[in-house]
Amino acid sequence: MEYKESAVNDDSQQTVTSNVTVSVTEDGYPQITNFSDGDFPEFIKKAFEKQGFKTPTPIQSHVWPIAFKGRDIVGVAQTGSGKTLAFSLPAILHICDKEHIVRKNEPTVLILAPTRELVQQINTVFNNFLVESSITNVCVFGGASKESQLYNLDKGFNILIATPGRLIDFLESRRFTLKGCTFLVLDEADRMLDMGFEPQIRAILEELPTERQTLMFSATWPDEVRSLAEEFLSNYVQVNVGGMQLSANHKIKQIVEILDEEEKDVKLLELLKNIMNEQETKTLIFAATKVRVSELTNNLKNEGLAVISMHGNKSQNEREYALKQFRNGTRPILVATDVAARGLDVDDIKYVINVDYPNSSEDYVHRIGRTARSNNSGTAYTFFTFQDMKQAKELVDILTEAKQDVNPALYNLAEMSKTFRCGKGRSLGACGGGPKPKKQDNYHKKEQDYKRGNYRNRGHDNYRNQDRDNSRNWGRDNRNWDRDNKNWDRDNKNWDRDNKNWDHDNKRNWKQDDCKNEDRGNKRNWNRDDCNDGDRDYRDWNKDNYPKKPKHYEDDKKASPRQNKYQPYDSSNDSNLLLQYIQF
């Protein structure tokens, strides 16, 4: 790359290229502007020629001289800027500096990356440069057979490329150690932290020796990454390619369409039909969920388009097959979730379509960074809805920084997002439900300078809990149900205890002496002597007039049910009846 001008400050070295500004926090390291400037081994020079590399990228030309001196480095650069080769060559030369290169069951170089696709991409770069070398490299990642990976590890290796989760699994099995690792690379550190790998990273770093060289690369520079660098890197040099603020590749043409959710599928189909008529058609489509990816893939297949999908539920073989079909152009349309946003390495992607806007603007920059790689140009289409309104301001800033045309409707959404109090949710329902209430005029602040001794609480006897000032809260004296006049005046309206509340002294409870329960001494309980349940002399059918039934009544009743209920049975009656019947 041709460097047009440079400016050097006391504390940093600034180099301005035709498109990129590079800042280095420490000077004294001359750039490597040509591959011939570096003291590379012969097998690396042959690899440069075979790969067709002519000049280093800005991140490579600044990182190499610093890394060759053994310094720790933090590199902040956009996706597709050549970071992989920026740390690969220093790692190879670090091993070459050893007197003997032998295979062993502990790596000299360890490289951590967030996704399996990125691990495989880095492994491919090493394979291309180590063809004529005795240095060996192995990659391990989740979603593939552990047995085959352990078999490769048992054969011995010098460079280990791994995802944090799978590496922790192997370390727990004690098949190898990291005690001999003296060169560490953390690639896409911001992404690893976003994916929740910080505990695994810390556990892995505890296994490493303290005397080591560490290189950390990131597309962004948030506080979490800064904190990790300050904790585990020693006196590092920071190399920033581009500005420190979030920015997109300026070679990407960004087009934002404002539409409703229901219009996305129709708009996508119309857009793809136009793209398929172009000379370059390789298109990467991003959707929010696995279900959405499957839905879009089926819809596009039904329309006769050559499409394939990739997401987290796909097996490793399915993912590799999808990437192969996409790379060779058999299926020029790939629908994927964010799992492919960082790990996909296809240089000739011409179009990126964000059907669903990502959860953060950082993910947006990484998504569209899949196009316009290796000095190519590209186009990114984004479908933006009202539900994405809270991210409109950040998107406007990214477009403005990249000198892109901004849709006027996006400006309107950005202004609306200031009016609504949006929380973490992505829908308007997560907002405050309406505009922020306007603050009042401090309730006439001048009138609040009152004397607490005279006005505070106004004295319980006369003005209970009166407003501390005569006008605050709309003036409790005049509007807030004035307790003296409106609040059911206790003296006049509140069931005047003197007149209405069942006077305790005169009327309450019917005055026991005259009215209640009829004086216990004279009339209570109907005076048992006169009225209670009737005089016992007349109760229970007066024993004298109503004698009890004879004792033999029940037995007689069983013997002759025809008898009178109240008279004993007389057998002579039967004889008389019989004689009368005979005479008849």
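Mentor: First a term: two strands pair if DSSP finds at least two bridges between them. The model is predicted.

Trainee: Which residue in E16 stands opposite Asn354?
Mentor: E15 (residues 351-354) and strand E16 (residues 378-384) pair in the parallel sense over four bridges. In that pairing, the residue opposite Asn354 is Thr382.

Trainee: Which residue of E15 stands opposite Leu284?
Mentor: Strand E12 (residues 283-286) also pairs with E15, in the parallel sense and over four bridges. The residue facing Leu284 is Val352.

Trainee: Which residue points the same way from E15 as Val352, and are the two buried or exposed?
Mentor: In a regular strand the side chains alternate between the two faces of the sheet. Tyr351 and Ile353 point one way from E15, and Val352 points the other way.

Trainee: Is H3 parallel, perpendicular or oblique to H4?
Mentor: Helix H3 (residues 83-96) and helix H4 (residues 116-129) pack with their axes 11 Å apart, at an angle of about 50°. Because that angle lies between the cut-offs of 35 and 65 degrees, H3 is oblique to H4.

Trainee: Which residues of H4 does H3 meet?
Mentor: H3 passes H4 in a right-handed crossing. From H3, the residues in contact include Leu85, Phe87 and Ile92. On H4, they are Gln121, Ile122, Val125, Phe126 and Phe129.

Note on methods. Residues are numbered from 1 along each chain as its sequence is written. This is a predicted model: local features need pLDDT of at least 70, side-chain atom pairs count only at pLDDT 80 or more; totals for chains, interfaces and linings use all residues. Side-chain values use heavy atoms; hydrogens and water are left out. Buried means under 20% relative accessible area, exposed over 50%, partly exposed in between (1.4 Å probe, protein chains only). Axes are lines fitted to C-alpha atoms, for helices over the stretch in contact, and angles run from 0 to 180 degrees between N-to-C directions. Angles under 35 degrees count as roughly parallel, over 145 as roughly antiparallel, 65 to 115 as roughly perpendicular and the rest as oblique. A crossing is left-handed if the near helix is turned anticlockwise from the far one by less than a right angle, and right-handed if clockwise. Contact means heavy atoms within 4.5 Å.
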